[in-house]
Amino acid sequence: MEKLVSFVLVTVVLVMSQESGALEDCLREQARLRAQVHLLETRVKLQQVKIAHLLHEKEVQYLDRGEEKSVFDLGGKRQYADCSEIFNDGYKSSGFYKIKPLQSPKEFPVYCDMSDGGGWTVIQRRSDGSENFNRGWNDYENGFGNFVQKNGEYWLGNKNINLLTTQGEYTLKVDLADFEKNSRYAQYKNFKVGDEKNFYELNIGEYSGTAGDSLAGNFHPEVQWWASHQRMKFSTWDKDNDNYKGNCANEDKSGWWFNRCHSSNLNGLYYRGPYTADTDNGVVWYTWHGWWYSLKSVVMKIRPNDFIPNTV
């Protein structure tokens with residue numbers, strides 16, 4: 001009997017030892033699997049960060065995937081340096097075309113305004129507040145916005161504007177409209193934007209127009225020292241190049257050629273006419289509606305100074 005009991009006890013001990021070993025193996029396997037899952041989750045998160053970064057860097061500016069159908073196909077006959085060349089080659093319809101400035105490494109789409117004498121290359125548009133213009137340096141450098149719709153809001157990109165304006169002497173025309181169906185314009189000879197090394201510095205020449213000279217700040221000699229945008233470097237919330245003790249771009253919610261801070265801010269927040277805010281951060285052209293009226297629409301467009309339309 002004692003032998004039988006001893007046998008049973010030994011058997012029980014062995015079974016329990018086996019079960020204990022199996023449990024330990026199971027726990028070890030669970031721990032290994034958890035570690036693998038954690039590693040995979042970490043890799044997925046890293047990939048998501050990389051994808052988000054690539055999408056951000058390569059955000060060319062389209063809101064849908066029908067972009068090719070939205071650009072006029074000129075059949076690859078030649079490459080055009082700007083919209084004035086397209087106009088004088090016989091294409092008189094306003095719309096999106098691909099251009100390649102002389103020093104540009106590649107083509108890019110741009111809206112060509114073939115009205116108003118034709119041949120205008122649109123570098124900025126505000127129309128309805130649908131696009132966020134409170135963006136950082138990289139976005140303003142590379143361009144952003146809606147390059148699909150006729151009235152889509154966009155910024156062509158400081159790199160592209162530099163490439164355009166360094167290949168000749170250009171005129172800038174700024175078309176402005178308010179919410180009371182009034183319109184004005186401001187025009188500047190010899191508009192030029194510097195390169196990245198010079199922080200895309202703004203240079204403008206002689207003014208003409210009906211909206212007043214809010215870029216050079218010539219409306220009053222006592223304010224010109226802080227209101228003029230002439231020879232100002234471009235600033236964004238994450239790259240402060242202004243002459244102000246604070247950060248104009250951060251306070252006024254846009255990228256622009258700020259001084260201390262501005263008499264124009266065409267990339268400001270989109271209000272609807274008169275507004276109140278901590279700072280004058282609307283879509284502002286001071287010499288027309290002052291600092292506390294945000295405009296309905298803006299188009300900034302350029303064309304060579306010596307442009308002669310080919311009407312044949």
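Let me begin with a term: a polar contact is a pair of N or O atoms within 3.5 Å, where, within protein, one must be able to donate a hydrogen and the other to accept it, and where residues adjacent in sequence count only if both atoms are side-chain atoms. The structure above is a predicted model, in which local features need pLDDT of at least 70 and side-chain atom pairs count only at pLDDT 80 or more, while totals for chains, interfaces and linings use all residues. Residues are numbered from 1 along each chain as its sequence is written, and side-chain values use heavy atoms, with hydrogens and water left out.

I will start with Thr 166, which lies in the loop between helix H5 (158-165) and strand E6; helices (H or I, at least four residues) and strands (E, at least two) are DSSP runs, numbered from the N terminus. A polar atom of the Thr 166 side chain lies 2.9 Å from the backbone oxygen of Asn 162, and the side chain of Thr 166 also reaches the backbone oxygen of Leu 163, at 3.4 Å. Thr 166 counts as partly exposed, because its relative accessibility is 36%, and here buried means under 20% relative accessible area, exposed over 50%, and partly exposed in between, with a 1.4 Å probe and protein chains only.

Next comes Thr 171, whose place is in strand E6, residues 170-177. Is Thr 171 buried or exposed? Thr 171 is buried, because its relative accessible area is 5%, and its side chain is joined to that of Asn 305 by a polar contact of 2.5 Å.

Let me turn to the aromatic rings, where a search of the whole structure finds 21 aromatic pairs; rings of Phe, Tyr and Trp (its six-membered ring) pair if their centres lie within 6.5 Å, and planes under 30 degrees apart count as stacked, over 60 as edge-to-face and the rest as tilted. In one of them, Phe 72 and Tyr 97 have ring centres 4.7 Å apart and planes at 25 degrees, so the pair is stacked. This pair links distant parts of the chain, 25 residues apart, with Phe 72 in the loop between helix H2 (67-70) and helix H3 (83-88), and Tyr 97 in strand E1, residues 95-99. Phe 72 is partly exposed, with a relative accessible area of 39%, whereas Tyr 97 counts as buried at 2% relative accessibility.
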